Amino acid sequence: MTDIRYLEDLKSFKIDVAHISYVMGIVDKEGFLGHAYFGKHIADDDVSYLMRVFEPPFTPERNERDRLSFYDCFPFEYPTHGIGDFRESAVRIETGSGNYANSLTFKSHRIYDGKEGIQGLPATWGNAADTKTLEITLEDREAGIEAILYYSVFEGIDAVVRHTKIVNKSGKTVYLTKAASASLDMDNRDFDKITLFGSWARERHINRTAVNYGIQGMCSRRGEPGHQEHAFTCLMEKNAGQNNGEVYGIDLVYSGNFRTLTERSQFDQVRLMTGIDPEDFRWELKDGASFETPEAVLVFSAEGLGGMSRTFHDLYREHLIRGYYRDKKRPILINNWEATYFDFNAEKLVNIADCASKLGIEMLVLDDGWFGNRFDDNRALGDWYVNEKKLEGGLKKLAEEVNRRGMKLGLWFEPEMISPDSDLYRAHPDWAVHVQGRRPGLARNQMVLDFTREDVTDYVYSLIKKVLESANIEYVKWDMNRPLSDIGSACLPAERMGEFHHRYVMGVYKLQERLVTDFPKLLLENCSGGGARFDAGMLYYGPQIWCSDDTDAVERLEIQEGTALIYPLSAMGAHVSDCPNHAVGRTTPFETRGHVALSGTFGYELDVTRISEEDRKLIPHQVELYHRFNDLVRTGDYYRIASFSENHAFDCWESVAKDGSEALVTCVNVRKTANVKSRRIKLFGLQENASYRLLNEDGSDFVQTMSEEGKTLYFHGSTLMNAGINIPDTWGDFRSRLIHVKQA
Ligand code: GLA
C-alpha cells in the first residue's frame, strides 16, 4: 500500500510504502519542519515525540532564552545555515543584502499521484498508478526564499526519493552556495557506515567503519564522481550484516561533484546528507529564478545489506533505466581495445568479427583510434570523422562486413574531450576548459571541452550524429578519460563561474538525451577510464556502464561486489579478457573469467584470432551459458553469500528468479585453503516447500558425496536455505563453478 497523508490535527506528514514509513512534523508556533522517523513500517500516526520538541530545556516557545540550544539539536528536515544549528547545513543562500542566515519554516504542501521530472537532470520516474509525490514548501519570509522539498515513493519499493527546489522571490539577485538534495537526521544507534572507495582499475571497494563524532564523508571535485569516491553511503546497525539488521542506504542520481556526509553530534544524533559538493559551487539566482538539485535515493532495509541492494536494484531497473534495451538481453560484444589498442586496420577488425561470429559473439565494438589522426592517445580527440587510412572504405564498409557476418557494429566516442593536437583545437582553442591566459593541465595529453556552451555541444553532437547516420552503428561507448581542472569558461561571466561544474554535467546530460532520442534503438554504454562515472545519473541515459578497465577475474570480484551493492547486475559492463591480465598481470582460468563476467553484461575484450585454441573452444559454451542464464542474472534478485574481501579465500553470490523457481550460484575459490575440503553455503530466495535439482553447468547433477554420484537428487528449498550445500574447495587458486538450482 502506498499512502501519503498530511495529518492536519497532528501537523505531521506520514508516508507509508511497502514495508517502510517516513514521518515529519511541523513544530507548532515556529513552523519548523522536523524529521520524526524513517524505517520499518509503524502503525501509529502520532510519533512527533520522536522529535523531542517538548523535552526541557530547549523548547523555544517555552524557553526563548535557549533558542540556539533548540536549533542545535532539533532534527531539521532541511537544515539551514547561520541561525544556530551548528551542524552541517543543507542550504546556504547569500541574500541580496549579503546575509546568509536562513530560516525555513512551513508554508504549504501538495500531494499528488505520479511524479514530475527534474529540469535538465536525470531522475527516477513513475506513473500515476504506481507513484505518489509529496511537495512541502518551506519559506524564509525575511529573505524572500522558498525551498520546496519533494518526496516520491513507488508501489512495492522500500525507498523514498527526494530533491529540493530553491526559489528566489526576494526581488533581488541571491547566490546559492550550498543546496543539498536531502538531509536525514536520526538518533545514532551504534551505527557503522559503508562507503565505496577506489582508484583506476580498482573502483568501488567496500569500506566499513564506525560512525564517529564529527563530520565524515566522501566527495568529488573532479567534475565526475571519479574512480576514488562514490556518492553512496549506508548506515547500518553494528550487528547488521548481509542478511540481518537495519540498514539505511543513500545514493545520488548525479554524475558530477558530490558530497555525501555523515555527522555525529554531541547528542548522539546522526545527520546523513547528500548533494552537489559545495566547494566549487556558487549559483546565481535572479529574482523569480529557481534551482533544482539532483535527486537523492533513500532506501531502508530491515534485512541487512542484501535487502538494501535488492531495493536499489528494483528501483533502478523499474524506475530509472529507460529505453529499448532496458528489459532486453544485450548483444554479446567483443571490444577491440585490449585486442589491438591503436594498432588495427579494417582487415584486422573484419578477421576478428569473422572469427567471433562463428563462436556466437553478436557485436563488434570498435574502440578508440578510428577517427582523425588518432594513431595514439596523444592527439585527435574532437576530430570525429573516420580515418580512411586505417579503415579503408570507412565505417559504412566495416558495418556491412560485420553485418554480413551476422553481427552488429558498435563504436567508441569520447565526446567531452579535445586534444591540443587536433583540428578542433587549432580552430577553437577557446572551446577547451581553461583559465584565461593559462594553458590547462593535461591528463592523458588531453583537455576537456567546455560543455557549458551550447555552441560546443551542438557542434560535437552534429559530428557524432553524422557518424552514426553514416553506417549501421547500433551501440555507442561514451567514454570520458580525465577529470576536470583549471575551471574556466570563455562564456560564463565572472560572477557565474561557480556554476561551471553543474552546467557542465547538465551539458553532458543534454547531449546524451539528444542521442537516445534521435537513436532510440541505440545501446548506450557509459564509461570513464573504466568506472569513474558509474552512477545512477548515467543509468538514466544508458542501461549499462563499463565497470572498470580492470578485467582480471579476481580484482573484478571486489569491484563487482561493491558495484552490486547499489546497481543491478544488468548494468555492470563485464568482459572476458586475455591473460596475463593487462591491468594486474595475473593469470586466471578462462572459465573463471567467463563465470565472473556472466554476472554482468557479458562480452569479450581480446583478440579472438590470437588466443589459444583451448580458450577459443570455450567461447561457444560461454555464449550458451549467457543465453541460458542472462534472464536470471538480469532480472533476478541478487544475494551475496560469501565475500572474498572479508574471508580472503572465496567469493560466492546468487541470482534468484523473483518467483524462486530457479537460481544461479557462482562460487570462486580465490585462494586454496590448505586442508579444507569443502565449504558450507546457504542459498536464499527459494520456495521452502518446492523441490529443486542442483546442476553443474554441463547439465550433470551437482553431487556433494561419493554416494550421490550417478543419482538424480532433489532437495527442498528449506534444506538448501537452512542447511545449505557443500562447495568443494578445489585444488589450486582461481577455480570457479556455477551451480544451477532448478525447481523440479
Ligand atoms: C578508457 C576506457 C577503455 C578504452 C580506452 C580507450 O580507458 O575505459 O575501455 O576505451 O579508454 O582509450
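## A quick tour of the model

P580 sits in the loop between β30 (576-577) and α11; helices (H or I, at least four residues) and strands (E, at least two) are DSSP runs, numbered from the N terminus. What we have here is a predicted model, in which local features need pLDDT of at least 70 and side-chain atom pairs count only at pLDDT 80 or more, while totals for chains, interfaces and linings use all residues. Residues are numbered from 1 along each chain as its sequence is written, and side-chain values use heavy atoms, with hydrogens and water left out.

- Most residues other than glycine have a negative phi, and most peptide bonds are trans.
- The peptide bond from C579 to P580 is cis, with omega near -5°.
- F602, found in the loop between α11 and β31 (603-605), has a positive phi of about 75° although it is not a glycine.
- F602 counts as buried because its relative accessible area is 1% (buried means under 20%, exposed over 50%, partly exposed in between, using a 1.4 Å probe and protein chains only).
- R444 isn't a glycine either, yet it has a positive phi of about 50°; look for R444 in the loop between α6 (423-427) and β25 (447-448).
- With a relative accessible area of 29%, R444 is partly exposed.

**Around the ligand**

- The ligand has 13 residues around it, and the closest are D367, D368, K477, G530 and D549 (a residue is near if one of its heavy atoms lies within 4 Å).
- A polar side-chain atom of D368 lies 2.7 Å from an oxygen atom of the ligand, and a polar side-chain atom of R444 lies 2.8 Å from a ligand oxygen atom.

- H313 is part of helix α2 (residues 304-319), and its 2% relative accessibility is why it counts as buried.
- Leaving aside neighbours within four places in sequence, H313 is in contact (heavy atoms within 4.5 Å) with A564, L565, I566, Y567, P568 and Y638.
- The H313 side chain also reaches the backbone oxygen of A564 at 2.7 Å.

**The sheet**

- Six strands form an open sheet in the order β32-β33-β34-β39-β36-β37, with antiparallel pairing (two strands pair if DSSP finds at least two bridges between them).
- At the edges are β32 (637-642) and β37 (715-716), each pairing on one side only.
- β32 pairs with β33 (residues 650-656) in the antiparallel sense over five bridges, and D637 stands opposite V656 in β33.

Note on methods. A polar contact is a pair of N or O atoms within 3.5 Å; within protein, one must be able to donate a hydrogen and the other to accept it, and residues adjacent in sequence count only if both atoms are side-chain atoms.
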